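Please open the structure in a viewer and keep the selection tool at hand.

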Amino acid sequence: GQRNAALEAVDAAWIFFVDADERITPELAAEVRQVIAERSEAGWWVPRHNFIAGHEVRHGGFYPDYQLRLLRRACARYDPERPVHEVVLLDGESGYLKQPMIHYNYASWAQFHWKQRRYAQFEGRILAERGVKPWPHKFIRQPIREFWRRYVTLQGYKDGWIGLKLGL
């Protein structure tokens with residue numbers, strides 16, 4: 001809702017959403033100026049470098065971690081059915097920027113675990129409201145599948161012990 005309100009309130013052709021824990025590099029700013037001046041896409045996906053507990057994470061699905069953040073205001077709105085980890089509904093084509101933004105998303109492992117529990121509870125409430133019932137076998141199989149996906153398929157092992165910790 002807040003992002004849709006921002007889209008309505010801003011009187012500009014383009015908007016770039018940046019969260020409080022994200023930083024824009026001078027190289028990304030230059031690339032943004034270039035694409036909005038020269039290209040016709042309605043939105044742009046931005047790669048993010050994620051820093052977790054002071055460590056840059058480059059594998060396991062944490063990089064490039066593309067986010068659709070640069071939007072032609074008249075062509076974009078956010079799906080009201082997604083109150084967290086919002087989804088852009090874009091009228092038109094999108095492109096991919098090369099220069100990353102920096103995301104300092106978790107300052108400590110305690111903060112990481114607290115946020116993960118909070119997101120899990122939030123998502124659990126959403127699923128319950130939709131009538132989705134938990135299956136006992138998923139409590140075992142889903143964590144194993146997620147570990148395999150992050151640590152093996154998405155090469156989290158390349159981040160050493162950080163990749164292992166994030167896979168667990």
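Rings of Phe, Tyr and Trp, with the six-membered ring taken for Trp, are counted as a pair if their centres lie within 6.5 Å. Planes under 30 degrees apart make a pair stacked, planes over 60 degrees apart make it edge-to-face, and the rest are tilted. By this rule, the count is nine aromatic pairs. The rings of Y106 and F112 show how the rule is applied: their centres are 4.9 Å apart and their planes stand at 85 degrees, so this pair is edge-to-face. The model in the viewer is a predicted one.

**First stop: an aromatic cluster**

Please keep Y106 and F112 selected. Y106 is buried, with a relative accessible area of 10%, and F112 is buried as well, at 9%.

Which parts of the chain does the pair link? W109 belongs to helix 3 (residues 109-129) and W161 to helix 5 (residues 161-167), so the pair links distant parts of the chain, 52 residues apart. Is W161 buried or exposed? W161 has a relative accessible area of 52% and is exposed, whereas W109, with 17%, is buried. With the four residues displayed together, one aromatic cluster is in view, formed by Y106, W109, F112 and W161.

The charged end of K165 sits over the ring of W109, at 4.8 Å from the ring centre.

**Second stop: Y63 and its neighbours**

Select R58 and Y63. Here the charged end of R58 sits over the ring of Y63, 4.7 Å from its centre. Now extend the selection to P64. Y63 and P64 are joined by a cis peptide bond, with omega at about 15 degrees. P64 is placed in the loop between strand 5 (55-57) and strand 6 (67-72).

Most residues other than glycine have a negative phi, and most peptide bonds are trans. With this in mind, select A53, in the loop between strand 4 (48-52) and strand 5. A53 is not a glycine, yet its phi is positive, at about 50 degrees. Its relative accessibility is 18%, and A53 therefore counts as buried, since the limit for buried is under 20%.

Then select Q155, which lies in the loop between helix 4 (138-153) and helix 5. Q155 also has a positive phi, of about 60 degrees, although it is not a glycine. At a relative accessibility of 30%, Q155 counts as partly exposed.

An open sheet of four strands has the order 1-6-3-9, and its pairing is mixed. Which strands stand at the edges? Strand 1 (14-16) and strand 9 (94-96) do; each has a single partner strand, so one side of each is left without a neighbour in the sheet. From one strand to the next, the twist averages 25 degrees.

To close, zoom in on strand 1 and strand 6. The two strands pair in the antiparallel sense over three bridges. Select I15 and then L71 in strand 6: these residues stand opposite each other.

Methods: Residues numbered from 1 in each chain as written. Predicted model: local features only at pLDDT ≥ 70, side-chain atom pairs only at ≥ 80, totals over all residues. Heavy atoms only, no water. Buried < 20%, exposed > 50% of the residue type's maximum accessible area, 1.4 Å probe, protein only. Lys NZ or Arg CZ within 6 Å of the ring centre and 35° of its normal. Pairing = 2+ DSSP bridges. Axes fitted to C-alpha atoms, helices over the stretch in contact; angles between N-to-C directions.
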